[in-house]
Amino acid sequence: GFSVVEGPEIETEDNNFTGLNIPLEHPSRDVFDTFYLKGKDKLLLRSHTSPVQIRVMKSRKPPLAVIVPGRVYRPDAVDASHSFMFHQIEGFMVDKDIKFSDLKGVLEEFVRTLFSATNRGGSAKNYGGGQDIKMRFRPHFFPFTEPSAEVDISCIICKGKGCSVCGKKGWLEILGSGMIHPNVFKHVGYDPKTYTGFAFGLGIERIAMLKYGINDIRLFFENDLRFLKQF
């Protein structure tokens with residue numbers, strides 16, 4: 001029931017930060033601060049797909065159920081698990097009487113479906129078995145959601161027993177989520193006493209690395225046909 005909406009990779013500072021309850025002095029900007037373009041309009045390469053939340057909510061009225069895929073940019077040093085450019089999928093739902101339990105239900109269905117899906121692409125190993133996966137929600141902080149939670153799944157490689165992939169913890173972090181902050185609703189002209197909503201976001205490469213046992217994010221961007229043909 002979700003519709004797909006895409007947004008521009010070059011964004012305004014207002015959509016990328018201020019509208020998402022991240023004012024100029026907010027310490028979380030140190031993590032998100034991205035690549036700015038020359039000029040007086042404060043344009044930048046977006047650091048997450050969340051600005052599309054602002055664009056959609058400014059142009060539409062609830063009920064909303066939207067999925068946002070896209071490329072994002074952050075000033076991260078490139079290594080086996082980080083890239084200055086990667087891809088995200090954002091999802092959000094807004095209506096009257098949306099609860100945290102709705103978020104949990106959507107994410108549980110998504111995770112079980114994703115990790116139990118048959119690998120149709122080729123020879124890459126699929127560690128599926130989604131119906132056996134356990135989920136947990138850990139309290140976290142995101143400026144644009146409250147309450148916020150990180151979502152972990154039981155390690156799909158060791159089945160939660162502990163291995164080198166999950167750092168012997170038995171759990172793998174896959175995404176961030178939470179209930180949309182009232183300040184975000186106020187910014188787009190929604191009454192936070194009337195509407196509630198949830199949002200979640202995940203890195204596509206991170207999920208692919210977990211699903212197919214890939215140990216280096218740089219492989220996605222090197223255009224090596226030996227790697228790409230596996231999918």
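**View 1. The lining of the largest pocket divides into 20 nonpolar, 17 polar and seven charged residues.** Here Ala, Val, Leu, Ile, Met, Phe, Trp, Tyr, Cys and Pro count as nonpolar, Asp, Glu, Lys and Arg as charged, and the others, Gly among them, as polar. The model is predicted, with local features needing pLDDT of at least 70 and side-chain atom pairs counting only at pLDDT 80 or more, whereas totals for chains, interfaces and linings use all residues. Residues are numbered from 1 along each chain as its sequence is written, and side-chain values use heavy atoms, with hydrogens and water left out.

**View 2. Ser-81, Glu-173, Ile-174, Gly-203 and Arg-206 lie nearest the centre of the largest pocket, which is lined by 44 residues.** Two or more lining residues come from each of α2 (29-32), β5 (85-95), β6 (135-142), β7 (145-154), β8 (171-180), β9 (196-203) and α6 (204-212), and β8 gives the most, with seven. A pocket is an open set of points on a 1 Å grid over the protein atoms alone, where a 1.4 Å probe fits, with protein on both sides within 12 Å along at least five of seven lines; lining residues have an atom within 4 Å of a point. Helices (H or I, at least four residues) and strands (E, at least two) are DSSP runs, numbered from the N terminus.

**View 3. The largest nonpolar core has 24 residues, and Phe-115, Ile-153, Ile-156, Leu-172, Ile-174, Leu-175 and Phe-198 have the most contacts inside it.** At least two core residues are supplied by each of α4 (100-116), β7, β8, β9 and α6. A core of this kind joins buried Ala, Val, Leu, Ile, Met, Phe, Trp, Tyr and Cys residues through side-chain atoms within 4.5 Å, where buried means under 20% relative accessible area, exposed over 50% and partly exposed in between, with a 1.4 Å probe and protein chains only. A second, separate core of 23 residues includes Val-52, Phe-92, Val-184 and Val-188.

**View 4. Ile-174 touches Val-111, Val-151, Ile-153, Leu-202, Arg-206, Ile-207 and Leu-210, residues up to four places away in sequence not being counted.** Contact means heavy atoms within 4.5 Å. Ile-174 is also among the residues nearest the centre of the largest pocket.

**View 5. His-82 lies in the loop between β4 (64-73) and β5.** His-82 counts as partly exposed because its relative accessibility is 36%. Leaving aside neighbours within four places in sequence, His-82 is in contact with Asp-76, Ala-77 and Ile-217. His-82 and Asp-216 are 134 residues apart in sequence, and their C-alpha atoms are 8.8 Å apart in space.
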